[in-house]
Amino acid sequence: MSADLITISPAAQMALADWLEHAKALKNRADATIEAYRSDVTEFISFLTSHHAEPQGLTPLARVSTRDMRSFLAHLRGRDLSSRSMARKLSAVKSFYRWLADREGFEPTAVLAARAPKFQKKLPRPLSQDAAKSMLDHVELQASEPWVAARDMAVMVLLYGCGLRISEALGLMGRDLPLRDALRITGKGGKERVVPVLPAARKAVSDYVDLCPFDLPSDQALFRGVRGGALGPRHIQKVTESVRMQLGLPATATPHAMRHSFATHLLEAGGDLRAIQELLGHASLSTTQAYTAVDQAHLMRVYDAAHPKARDT
């Protein structure tokens, strides 16, 4: 048992465990999210235990005050946490309290009214269409083995042509062959979506399969490393780094940037935001709306360069 858990009363431990089970079973949260929730709420209850110098059972937890919340936020600031990290921790605590208040029948206003410091969300950093095309044109040049070059190309085309996360592309199995017009992808939190597959992506994967020296049974990974095991993301990251340096692209030109580029270029071409949300597998439309800001920034640059008044200044 961790030092943090020792400072939490058995009743609070049980409530936390029940809430995490609820979040995982009913809200389909990913394992990494569940562990982050556990850590954040454990820290909050441990803080209250230390702050009040007594174990925090369910009754004390129901009496948390506005002053307690201010002290907790001051505690987080004292750890030099970023505004983003503070907001994440407070969000977890609020989610726990909504569930606990509903189960125990108390008013959680003091917790829910607490405000985390504002932070500016980092916008995705997509590549331009020309840069994305150049990345794809150079990927195959990084490997001397033809099948390895074809494999890396297939993965990158899936990232850019289908908007897959790198874990989703590398999670494809032999049973997914041959690729059809659409793929059923299981993304974060077990959320399923159907992704159209462009002919170029189907051809890239087919070319790789034709050259691959290993058998690709249905229950094993589609993309293989040079020793036959499942291909890991680090290799694709290293290939991207090499291409990026050759082309003089910024450090933000990563495999994940290819997915962002897929979304942004769809939006620039007139794609519907909610349809793009479904293609990307975002649980919240607000996540996809970050691309709107990217697109607006692009439009403003075009406007500033082309507007007669801009040229006259």
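Buried means under 20% relative accessible area, exposed over 50%, partly exposed in between (1.4 Å probe, protein chains only). This is a predicted model: local features need pLDDT of at least 70, side-chain atom pairs count only at pLDDT 80 or more, and totals for chains, interfaces and linings use all residues. Residues are numbered from 1 along each chain as its sequence is written; side-chain values use heavy atoms, without hydrogens and water.

Q: Which residues are exposed on the other side of H11?
A: Helix H11 covers residues 199–211 (helices are DSSP runs of H or I, at least four residues, numbered from the N terminus). Ala 201, Ala 204, Val 205 and Tyr 208 are buried. They fall within an arc of 90 degrees seen down the axis, so they line one face of H11 (arc: directions from the helix axis to the C-beta atoms). On the other side, the exposed residues are Pro 199, Lys 203 and Asp 210.

Q: Which helix do the buried residues of H11 pack against?
A: The buried set includes Val 205 and Tyr 208. Its packing partner (contact: heavy atoms within 4.5 Å) is helix H9 (146–162).

Q: Is Asp 40 buried or exposed?
A: Asp 40 sits in helix H3 (residues 31–52). Beyond residues up to four places away in sequence, Asp 40 touches Arg 88, Lys 89, Ala 92 and Val 93. Its relative accessibility is 1%, so Asp 40 counts as buried.

Q: At roughly what angle do the axes of H2 and H6 cross?
A: H2 (residues 10–25) meets H6 (residues 83–104) with axes that come within 10 Å. Among the residues in contact are Trp 19 in H2 and Trp 99 in H6. The axes (lines fitted to C-alpha atoms over the stretch in contact, angles from 0 to 180 degrees between N-to-C directions) cross at roughly 105 degrees.

Conventions. Helices (H or I, at least four residues) and strands (E, at least two) are DSSP runs, numbered from the N terminus. The expected span of a helix is 1.5 Å times one less than its number of residues.
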